[in-house]
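Have a look at the sequence and the structure first, and then we'll walk through it piece by piece.

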Amino acid sequence: MVPITRFLILLFFFLSLSSTYVAATNHVVGQVSGWDLDSDVAEWAASTTFRVGDTLVFKYSSEYDVQEVGQLAFTTCDTTKPIKEYNDGFTTIMLTEPGTRYFICGQLGHCDSGMKMEVDVISLPPQANRYKNNP
């Protein structure tokens, strides 16, 4: 009986060392500068990994807004028919599925000045829903 208990304790110990919890990440768009014309949000987004379950956090002043748009509206900076529009100054958007999402500022000239970003959301491997094994 003692050898089995010792084995289970050792097994639990080694499993706890070899796995870590995969937590969702809150991504503050534009980091310190936030969602504004001074931030290079496109470069920031291109250099960031986004996963299903993560959250985008947009912090911005009243001179800006956030529009989620389709790919064509993103490319052409068309602000007339956004999928969703936010203007509360502190917007959080949960990334619930894999794929590409597009965000622009709907204020006149802001998108054309570079205030837009595309976010490529990847899914977690099936076994990583709760735990991620480290080699």
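## Around E85

E85 touches D65, V66 and Q67, leaving out residues up to four places away in sequence; contact here means heavy atoms within 4.5 Å. With Q67 there is also a side-chain polar contact of 3.3 Å. A polar contact is a pair of N or O atoms within 3.5 Å; within protein, one must be able to donate a hydrogen and the other to accept it, and residues adjacent in sequence count only if both atoms are side-chain atoms. The C-alpha atoms of E85 and E68 are 6.4 Å apart, although 17 residues separate the two along the chain.

E85 sits in strand 6, residues 84-86. Is E85 buried, exposed or partly exposed? E85 counts as partly exposed because its relative accessibility is 48%; buried means under 20% relative accessible area, exposed over 50%, and partly exposed in between (1.4 Å probe, protein chains only).

## What you are looking at

This is a predicted model, where local features need pLDDT of at least 70 and side-chain atom pairs count only at pLDDT 80 or more, while totals for chains, interfaces and linings use all residues. Residues are numbered from 1 along each chain as its sequence is written, and side-chain values use heavy atoms, with hydrogens and water left out.

The protein has 3 helices and 10 strands, in the sequence pattern α-β-β-α-β-β-β-α-β-β-β-β-β. Helices (H or I, at least four residues) and strands (E, at least two) are DSSP runs, numbered from the N terminus. Of its 135 residues, 35% count as buried. Among contacts with a separation of 6 or more, 71% are between residues 24 or more positions apart. The protein exposes about 8800 Å², with carbon and sulfur atoms supplying 56% of that; these areas come from the Shrake-Rupley method with a 1.4 Å probe, and for residues only the protein chains shown count as cover.

An open sheet of 5 strands runs in the order 3-9-8-5-6, with mixed pairing. Two strands pair if DSSP finds at least two bridges between them. Strand 3 (50-51) and strand 6 stand at the edges with a single partner strand each, so one side of each has no neighbour in the sheet.

How do the neighbours line up? Strand 3 pairs with strand 9 in the parallel sense over 2 bridges, and F50 stands opposite V121 of strand 9. Strands 8 and 9 run antiparallel, joined by 6 bridges, with R101 opposite V119. Strand 5 (residues 66-69) and strand 8 are antiparallel too, with 3 bridges; there V69 has Y102 as its bridge partner.

## Strands 4 and 7

Another antiparallel pair is strand 4 with strand 7, held by 5 bridges. V57 stands opposite T92 in strand 7. Strand 7 (residues 90-94) has a covered face, T91 and I93, and an uncovered one, F90, T92 and M94.

T55 belongs to strand 4. T55 is buried, with a relative accessible area of 13%. Beyond neighbours within four places in sequence, T55 is in contact with T25, N26, H27, T92, I93 and M94.

Which cysteines does the disulfide join? C77 is joined to C111, S to S 2.1 Å; a disulfide is a pair of cysteine sulfur atoms within 2.5 Å. The pair links distant parts of the chain, 34 residues apart: C77 is in the loop between helix 3 (71-76) and strand 6, and C111 in the loop between strand 8 (99-104) and strand 9 (116-122). Both C77 and C111 are buried. C105 is in no disulfide, and the nearest cysteine sulfur, that of C111, is 8.3 Å away. C105 is buried as well, with a relative accessible area of 0%.
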